[in-house]
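I am opening a notebook on a structure that is new to me. The entries below record what I looked up, in the order I looked.

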Amino acid sequence: MSTAPSTGSEQAAHVEPAAPARRRRTTARDLAQIAVFAALIAALGVPGAIPLGPEGVPITLQTLGVMLAGAILGARKGSLAVLLFIALVAAGLPLLSGGRGGLGVFVGPSVGYLLGWLLGAAVIGWATARLLPRYRLVPALLWTALGGIVAVYAVGIPVFALVTATPIGLAAAGAAVFLVGDAIKVVATVLVAKGVHRAWPGLIEPKPWPWRRGAASAVDERA
């Protein structure tokens, strides 16, 4: 007996469903890296404030740890490392520079900078994934400054002005004294990250810039 040919609807019914998109799982290695960089941020607060320049402007090194977390671990793991550090501070551990910790920190004038660290690590990590595998110095410096300085200050200065009832222009002028120290940390971050990514490629998965992804999709559609 001959078999009737399958209709289009019958063929469609036999098409296997598309495989579900893979979810990014957090592995034991990821957790270890997150914990290590949270500990690094804490350790960089041990020296306390370091006077910089002839006027002795005090700077802390913990922002360097935040920048390194984003530049070496990427946006997701870098932000989680900062979030873990903030959670430990909220739990009462005296991990901030000067031995500060506890919930009182989150109603103080510096809370905006603390929360700005999350945004800074995310921006640096997002950009670093798109700068790899080449990781050219000039773009890396610009993007690390955007995340480590501009993004952090964009949160920190308005919150400082709000908490202390200070005019925002005056708050910004007060924050400007820390720019030199933060710029030095940007340079140190980029030099360390470049060496790390050269020695251990694959810590961050390279990704295309959004506009390049759109151009590639347009080419595929025309093909």
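Entry 1, the chain as a whole. I began with the contacts between residues at a separation of 6 or more, and found that 70% of them join residues 24 or more positions apart. I note here that the model is a predicted one. Next I looked up the elements, and the chain has nine helices and two strands. Read from the N terminus, their order is α-α-β-β-α-α-α-α-α-α-α. I then checked burial: 36% of the 223 residues count as buried.

I turned to helix α4, residues 75-90, and helix α5, residues 111-131. How do these two helices run relative to each other? Their axes cross at roughly 165 degrees and come within 7 Å. Angles over 145 degrees count as roughly antiparallel, and α4 and α5 are therefore roughly antiparallel to each other. I also looked up the hand of the crossing, and α4 passes α5 in a right-handed one. On the α4 side the contact is made by A75, G78, S79, V82, L83, F85 and I86. On the α5 side I listed L114, W117, L118, A121, A122, G125 and W126. Sorted by class, this contact of α4 with α5 has eleven nonpolar residues, three polar ones and no charged ones.

Is L96 buried or exposed? The relative accessible area of L96 is 5%. The cut-off for buried is under 20%, so L96 counts as buried. Setting aside neighbours within four places in sequence, I found L96 in contact with Q62, F85, V89, V105, L114 and W117. Among these, F85 and L114 also take part in the contact between α4 and α5, as does W117. I also took one distance: the C-alpha atoms of L96 and T60 are 9.5 Å apart, while the two residues are 36 apart in sequence.

I went back to helix α4, where L84 has its place. With a relative accessible area of 32%, L84 is partly exposed. Which residues does L84 touch, leaving aside its neighbours within four places in sequence? I found I34, A35 and A38. Along the chain, L84 and A38 are 46 residues apart, and their C-alpha atoms are separated by 6.3 Å.

Apart from neighbours within four places in sequence, K185 is in contact with T60, T63, L64 and M67. T60 had already come up in my distance from L96.

A183 is also found in helix α8. I noted a relative accessibility of 35% for A183, which counts as partly exposed.

Methods: Residues are numbered from 1 along each chain as its sequence is written. This is a predicted model: local features need pLDDT of at least 70, side-chain atom pairs count only at pLDDT 80 or more; totals for chains, interfaces and linings use all residues. Side-chain values use heavy atoms; hydrogens and water are left out. Axes are lines fitted to C-alpha atoms, for helices over the stretch in contact, and angles run from 0 to 180 degrees between N-to-C directions. Helices (H or I, at least four residues) and strands (E, at least two) are DSSP runs, numbered from the N terminus. Angles under 35 degrees count as roughly parallel, over 145 as roughly antiparallel, 65 to 115 as roughly perpendicular and the rest as oblique. A crossing is left-handed if the near helix is turned anticlockwise from the far one by less than a right angle, and right-handed if clockwise. Contact means heavy atoms within 4.5 Å. Ala, Val, Leu, Ile, Met, Phe, Trp, Tyr, Cys and Pro count as nonpolar, Asp, Glu, Lys and Arg as charged, and the others, Gly among them, as polar. Buried means under 20% relative accessible area, exposed over 50%, partly exposed in between (1.4 Å probe, protein chains only).
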